[in-house]
Structure formats: structure tokens, C-alpha cells
Amino acid sequence: MKLITHNMLTSKGIKNVKEGFPLKIQADEVKNVDIDFDREFISRMIPKLDWNALTFAAQCVGHQEDLPDTLPEGYENDDDLLKKLHHILLEVEVINGCLECPETQRKFPISNGIPNMLLNEDEV
Amino acid sequence: MENTKRDIYKAQRKIKRCISILQSDMPDIHISHIPTKHVFIANAGLTTNADESSLVELITSIGCGLEALTLIPGKQYSFASFSSCDQAQTVLMAAHGQLDVRGSASPVYMSYVDKVPTDPSPIQFKFPPGLMVVEDFISAKEEIQLMHLIDWGDNPLDSAEGSVLKHRQVRHFGYEFKYSSNSVDKEHPLAQRIPPVMTPIIQRIVEQGYMPVGPDQLTVNRYLPGQGIPSHVDTHSSFMDEILSLSVGGGVNMDFRYVSGNSNEGTKDKPSHYVVYLPPRSLCVMTGPARYEWSHGICPRMTDVVPNKNSTTGLQLLPREERVSFTFRKVRQGECWCQNASVCDSYNKNSKSVPQDEKNKCASPTMLDDRIAAKLEREHVLQVYDQIASHFSVTRHKPWPQVLEFVCSLPRGSMLLDVGCGNGKYMGHNRQVFQVGCDTSSELMKICYARGFEVLTSNCLQLPYRDSLFDAAVCIAVIHHLATEERRLGAIAEIVRVLSIGGHGLIYVWAMEQQRGKKKSTYLKQNKVNRHDTQYEELLLNDDEKLRINEQNMRRKVVCEGQYNERNHDSIKVGTSGASSLPLHINRTEFMQQDMLVPWKLRPLKKKELNCDRRGQYEKEFGTSHRCRDNRLHTNGPSADTLQTTMLDNTVKENGQNKSNRKGLPTETGPDPVFHRFYHVFKQGELEALCTRLNVNIVKSYYDEGNWCIIFEKIS
């Protein structure tokens, strides 16, 4: 699971969970992969993301990389930042571990790179 | 003088009796002893053969100021409204007990009333759900031809297939329709087939989509004025969904009554009797509830009250004329799966061993218990895909062009979600977008991950994504695996939820109609090639020579297998979750029903295929999947003889097993185990109907190779 995916995930499918976001990451095994840097792609992706969840995720996996607390203006021209974000979002992959619902602490396992977000019938 | 007194006395006695009828019929209408504008005409109404013109004639012969006539269907009385009380009084004084309506032997009896009924129609001219009347389906010329098609003769008993029923004459073609049981004897078709002269009409029926395939049973009824047919529901197990009635010569009112006795379906809120006028040359198409849950019949009468927008009452009295009806049906192979205990013979036959409480849980076809539906999907979708994942994956590599076009049209930087992404067939084609996929099958997700795709395991009914996130979503061949309409709608609603405003969704579902006009879908066409163990999504490389060589062997197999399946279709039943028992589809044939189990014969993967599959990453890097294709084509499967034996073995096993033990997953390891996936195939319009219930604009809806497809945009 890439951290960009984490930014999209919620556990609000669970009964009575309101936001279910952001999920806490417990990373037991993390891998770095090499992806070609695409400036335009990454700058178009950034406004779609939740910045707080992004820094939270980076923190969870120990890749905070001095990210600013808020998304700075003119980020699209800040190559240094874009490359950092490229790395955090696309190159860091959680292979094993789990995601945790912030409201119910329900854990969703990540095994061999794949989060299992299936809910039991009595949870929905 | 004595006579007049006696007449007045008689008139008072008569009107008193009629008033008591009126008061019980319409308690909110009150009699007035002083003149009002409204007059109750007690013994001249639609059932006494009085009509607008005869009443107008009577009233205008006395005075003027008539403003409205209110005729009540099924009643012997009517109402006249005048512009003033004086005018009403003039008419009443002159006519009450003294004048008669043209054609009537006795004078009219009248009384003043405070008002006239506002809704004059206790009979509702409405269509039950699933009913359609196609006006002018045939031309006047064809009508004449059809009127003379059958020589009813002086002696109506001149043909073995014809008979005189109590109220009408009838002929049967293809199969004899037995009125005693509203069914046919499937084992004994008639020598007399549907006459070739009907072919153009049948073609039109299929081309215009009123039946997915041509009928094989035709009943021709001749109704003389005054004749009718008792209300009945055509037996579910005998005929397919669509029942068509073509009216020739005369029109008639057909009565539809809701007969499904589900106790929770209150009949108070849900009127149980609708009247539908079938004009001459019209085609009445009964499907769904109108065919399964409503009875239809014709009341023996000389006249019909039919809607007429041009008359003041909105109604018109039509004398009946000789009407010949052509009823087209398709005999069902196998059982009906509507599960409506009160009307379905298949359901009752199959559920005898089921405990009563289980039976009640799924008493309605559309309201299959959600819990049971989830179980059905778990056992007959999720578990099956998990077990066939590798085999499934090697048969799925050629993307459908129009889906690919949608995916590739997305601009750079878009976020794309693939709901039910399977082996990732539509992933990785557009490198400019960020694409994520999800599926319930963890085995398929492993395959995707190995191919380098970003995926997770989730149910399409609870997508684990934030609201309004994706610029686009595709959901290909997924929704048809959900067992209730509520769940199918729920899955689409989830897709809409995660789309951003203005975001586009593309959905493909398998179509009930595998033949459009004369064009058969690839799925059906593959019957000839008969790659039995592949599935409909696959587009075959038909230019491959090896396949052709193999084809001849395969053809032999089709014949044997086809015959075998046909013979045993009724007996092949696969136990499923809860109480349900679903019919089994025969691959590469027309669908006989919307809900069914579709077999998947698991062919063990050859070494090369396994390698190929595990080397997904490798394949991705080289773009296409030639390797898989080549490998697959080398694998010709068992010989025809072996397959035939396997088929028999599996069937025997299934039939021999205890129902409760049968989960659709083979318990024994034999060669080529067969798995059964649940499918609900969609009828034309069904997918749009679901989408229109959501917050979307339909951009495009179309038919693509045996699938119904829709592109929609989230609007707010």
C-alpha cells in the first residue's frame, strides 16, 4: 500500500463511524520502490489530498522528511518539495502491518502489500 | 288520475331502493329534498347500457343547462349536473318516473344530491407494473390477414388442436396450453408448429425487444361479443417471463388483479384491480410483476367502458366486436426462480423440504433477505472467485475496447477507481492517471499486486474511500453478481458517493438479451467454437490455426453435451444459501431467467500458465499479454470423450449429494471441478432505472457485446 492510497481511505463503512479518517498506520514492514518522477502528475495530485492525513501517514511510517505543517503556496514550483512528496506518496509502500480506525480502533490488516478492508456483516 | 298516483308511488318506492344502494356505494353523497344543481339518475348508467349520448338526448329533450354527466363504470346509475337549481328541477319534474332513456323499457328515477362523485372511477385504468401496451403493433392489412388465418369453420371441432371452450374457441401451436392448469406438457409438443405466416410478426417482437428470443408456443383465441376468459396467472415453471397478447379485430378491457398473497403487501394501499384497454392491433406485453404476480382475465360482456379523453366523462362505452387474440409464449426449460411462495409453483415444489420460517424469509423475489443475499454472494461469488482466481486470470487479458477508451480518455492527474477490478484487466493502461482497484476476492488482489497495481480487498457495498474523491470510476461486470435490487442499487450509490462532482462513472453488466435483432453476442457465438471453459468477457483469437484444428473435436462435444444438459436441465439443481434454489444456466445459450448460477469449469493450469501468471510483473513490463494467450491456446483441455464423462460425473455427484452439503464448491477432487457463480442478468432499461434513482446525469447508455452499459456524471 502506497501512502497516497492511505490518504483516500476511511473506515466510515463501519456502523456508527462518522469520519473514520485518517486511519492510523502501524507499519511492520516498509519497502521503497523506484518510480519515475513526474512533476506535473504529482502537482496535480496534491490538491486532491488531505494534507494533515498526509503528514500523519508520513509520521506513522517514519518518513516525515521535514514536511511543512500546511501545504505551502506555490508548491508547484518547489521542486524539492515535489520530489519529497513524490517519494512519500508513491515510493514508500507498506508491505505488512495494519490500519486502525480512529473511532473504533478496529484494525484492518495489510499483508503482502494489500490492505484488507472487508467488514464483517455485523459491523455494517 | 289513479294511474298517475300509482306511478308516483312506484317511482318513490323505486328511487328509495336506489338511494340506499347509492348510500352504501358512496356514503359521502347526500340526498337533498330541495332542488340542487345535481341530479342522481338511479337506473340509467353504464351497466344498463345507457351512455352519454342517450342521456344527453333525454335531458336536452326536456331543457337545457346541462353542464356535466358523470357515468360510473360498473354501476347502473349516473349523475347530471346543471348550471342552476331551476334547470335541474325542470328536468327532474319532467323525467322522474315518466320518461325513459332510449333503448330502456322503464322510466328513469331521479333525486337531487348535494354533489357528484369527484373521482368517478372506482375502476382504475392503470397499468400494473411490468405491463406495456404497444399500440398499432401490426398494420390494418396484417390485421385482416390474421383475422382470416384460422378457419374456425362451421364445426369448430374440426381440428385436433382446437376446441370450443365454454366461452370461446381456441387453437394451439407448438404446445397445447392447458387451461385446467395454465401450463403446457413440455414433453409432448404438438405436431403443429407456429405457422410460418407469423414469422414477420415474431421477428418484429424479437427485434423490438419484447421477447429476448422467439416464442415456441402460440394460442389463438376467438372471442365473440359477450365472451371472456377467467382470470389466471400463467404457470411460472411453464413459461418464460414475457407473455404477449396481440389483439386482432376488436379491442377489449383486460382485468388485472394482484394475486400475490404476501401478507405484508397491504392491499389497502395497493389497489388490487386495474383495468387495461387493449385496442385492436395492439400488443400487450406482460413481464415481471404483471406476468408473475397479477392475474389477467376478460369479463364476459357485450360492452366495455374505456377511457376516452375527448368525452366529457373521460369515458366511452364501446360495444365488443369479434376479437381474435394471439398469445405468444416461450416454454421455460428448468424452473422459475421468483421465490414468490404464493404464486410460484417452482418455488413451492423446490422448497417442500425447507422449514417454514426459512421459507418466509425469502417469500418475495425482489426482497430476498439481505442476510441470505450476502450469504449467496459469499458462497457463489467471493468463494468461487477465490478458488478460480488463477484460471480466471489467464482467461482475462483482452480488455473490452470501449472500456479501454473510457479509461484512456481520462486527463493527466485524474484519480481513477476500478470497483471489482478482478485481475486488473483495466489497470495500467493509462499511465497519466492514478488508478486504484478493489475487489472482494483476496486471491485476485494478489494477482493484481503481483502485476504492480495498487489494490485492496473490499466489498463494493462498503467502498473504503472518502466521499467525492475520484475523477472517474469503472465497474465492469460486477453489479450483476449482487443478489437483490437493493444491493445492486447500493453498490452504484457507493460509486456515486466516492466520485467527485462532475466525475464520471462507467458500469457494465451482463445483459439478459444476448441477441439483438439477428446479431448474437460474442458469448453466444462462442458456442460454435465452444471454448467451454472460458467465459463471456473473453474475446478469442479466432485467427489462431490451432484453435481451428481443435474446433472440430469440440463440435462433437457440443452436440453430446447440449443434448445431455437439455435432458437433465430440470433435475440439475444446485443447493445454495438459505432456502433458495437457483436454476443452472447452460453456458453459451440464451438466458432463461434473470437470476441463476453460471457454471465455471475449472481447468487445471498448465505449468506454463502458472509461470505466466506469477510473472505478472514481467508481463506488465512488456505491455501485452501474448504469453498468456499463447499458453492458453496450447492447452486444449481434455478430449471430447473425457469431457463428456466429466460432465456426467459432476452431475451425478451433485444430484446425489445432500442438499445442505452442496455449497457449489466441489467437495471431491475430480478432474475439472465445476463452480457456480451467481448472476443477475439485466434487462434493457434496468441499469438506467437504477441510476436514475441516484444523483447523476446519464451521459450515455448503450449495449456492447451482450452487456448493458452506462456512463453517468455525478451532479451534486
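Q: What makes a residue part of the lining of the second largest cavity, and which residues lie nearest its centre?
A: Fifteen is the size of this lining, and Ile229(B), His232(B), Met254(B), His296(B) and Thr327(B) lie nearest the centre of the second largest cavity. They count as lining because each has an atom within 4 Å of a cavity point, a cavity being a set of points on a 1 Å grid over the protein atoms alone where a 1.4 Å probe fits but cannot get out. The model is predicted: local features need pLDDT of at least 70 and side-chain atom pairs 80 or more, while totals for chains, interfaces and linings use all residues. Residues are numbered from 1 along each chain, chains are lettered from A, and side-chain values use heavy atoms, without hydrogens and water.

Q: How is the volume of the second largest cavity defined?
A: The value is about 120 Å³, the space filled by probe spheres set on points joined across faces, edges and corners.

Q: Why is strand 28 of chain B called mostly covered?
A: Buried means under 20% relative accessible area, and 7 of the 7 residues in strand 28 (a DSSP run of E, at least two residues) are buried, so the strand is mostly covered.

Q: How do you know that strand 28 and strand 29 of chain B pair?
A: Pairing needs at least two DSSP bridges; these strands have 7, in the antiparallel sense, and Trp600(B) has Phe675(B) as its bridge partner.

How values were computed. On a 1 Å grid over the protein atoms alone, a cavity is a set of points where a 1.4 Å probe fits but cannot get out, and a pocket is an open set with protein on both sides within 12 Å along at least five of seven lines; lining residues have an atom within 4 Å of a point. Buried means under 20% relative accessible area, exposed over 50%, partly exposed in between (1.4 Å probe, protein chains only). Helices (H or I, at least four residues) and strands (E, at least two) are DSSP runs, numbered from the N terminus.
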